[in-house]
Amino acid sequence: MLPDIDKLLELQAADKEIRQLREEVAALPKRVAAIEQKLAGTKAHLEKVRAAGKNDEANRKKFETNIKDLQGKISKYRAQSLDVKTNDQYKALLHEIQFAEQEIRLNEDRILDVMVNVETREKEVKAAEAELKAETAEIEKEKEEARKVTAEDQKKLSEWNAKRDALRHGISEDILRHYERVMKFRGTGLAEVRDHKCMGCQVMLRPQIYNEARSGETVMFCESCQRIYYYNPANEVKPEQEVVTVTGRKRARPKADAPQAWFYRADYPEEGEVLLVFTNSGGGSTRRIYEMHTGRQFGEVLLREGNYRQAFPEDLTEAALRLNGHWEEKEIEEWGSEIPSNALDLLHKDLLAIRREHKASHKHSPATAEQPAVG
Ligand SMILES: [Zn+2]
């Protein structure tokens, strides 16, 4: 893996940590504010209950005064009744007395209602006071906790920021700029390439791009999400191609005029990465196509007139890599629909050798030069 990519991965981890810490620091005052709001609600409720209690008390006094007034009236009517001259006058006074007595009973009932209310009211006030006390204690605890967590987070933040700054210094400026731009929009600046996909945006990659990204020779960006690619062989779905020890020995060149020729193509129109084998026999030639990783055959053997170079020009593009490999036609027929693993291994190893040669003969080109700019 390129050192820049290595550092970018570390930087991305640091950026993620920093973002989480910042979010936590920002969330704490909001939590405290929410509790304080609840506390204000409890206080308001307590005030209301207390005010209702005072109102009851005032009402009770009013009803008691009413009763006194009515009792006064009754005494007055009784005194008057001693002096009346007619039966009608007496009846009228008696009626007044009965009415006042009725009024007294009404006021007594109201007082009783208030007294019953007072008990409920007192319970309500007590409950509200207890709630307020508990909430006040809780908010103090929460505030203390928030202060502690914030202080810890701030400490961690400054440590991570220092780490981040150190990492940034070690990364090429243009790559860093690209990373930060994508990071800002997408939350991550890097994406793993795995199983022919960009794991950042899930877009399928063309075989050639996939192979280039996996080779880790240059810094590459996703054409679709602009994230910078990295490849982790440990995460590869199909662990193909065992790592061949570098022997330093030169790779044997396949003979140009051999009657059988193996090719690798990363960009086969529908199948993607394939292995092709052509065999000349008599006046014609045959072609077989196999899936690169599994060795499974695609379609049937195709027979055409003339040698394979004349017969299958559409297959022998510039992208076709010639591989070492020769098996008897009879043996290939016996393979059936799949290349046996020992043969497949040999072909894979030769392809690796080609790539190593290629790597050795090409100096690093600047990473950004051939990449599309970020929109
Ligand atoms: Zn992508």
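This report covers a zinc site and a sheet with its packed helices.

The model is predicted, so local features need pLDDT of at least 70, side-chain atom pairs count only at pLDDT 80 or more, and totals for chains, interfaces and linings use all residues. Residues are numbered from 1 along each chain as its sequence is written, and side-chain values use heavy atoms, leaving out hydrogens and water.

**Zinc site**

C198, C201, C222 and C225 coordinate the zinc ion through their SG atoms at 2.3 Å. Donors are N, O and S atoms within 2.8 Å of the metal (3.2 Å for Na, K and Ca). The donor residues follow the spacing C-x2-C-x20-C-x2-C. C198 is buried, at 0% relative accessible area. C201 is partly exposed, at 26%. Buried means under 20%, exposed over 50%, and partly exposed in between (1.4 Å probe, protein chains only).

**Sheet**

Five strands form an open antiparallel sheet, ordered β7-β6-β5-β4-β8. Strands (E, at least two residues) and helices (H or I, at least four) are DSSP runs, numbered from the N terminus. Two strands pair if DSSP finds at least two bridges between them. β5 and β6 are joined by 8 bridges. T279 has T286 in β6 as its bridge partner.

**Helices on the sheet**

Two helices pack on the sheet, with contact meaning heavy atoms within 4.5 Å. Angles run from 0 to 180 degrees between N-to-C directions, with axes fitted to C-alpha atoms, for helices over the stretch in contact.

| α4 (residues 207-215) | β4 and β5 | about 90° with β4 |
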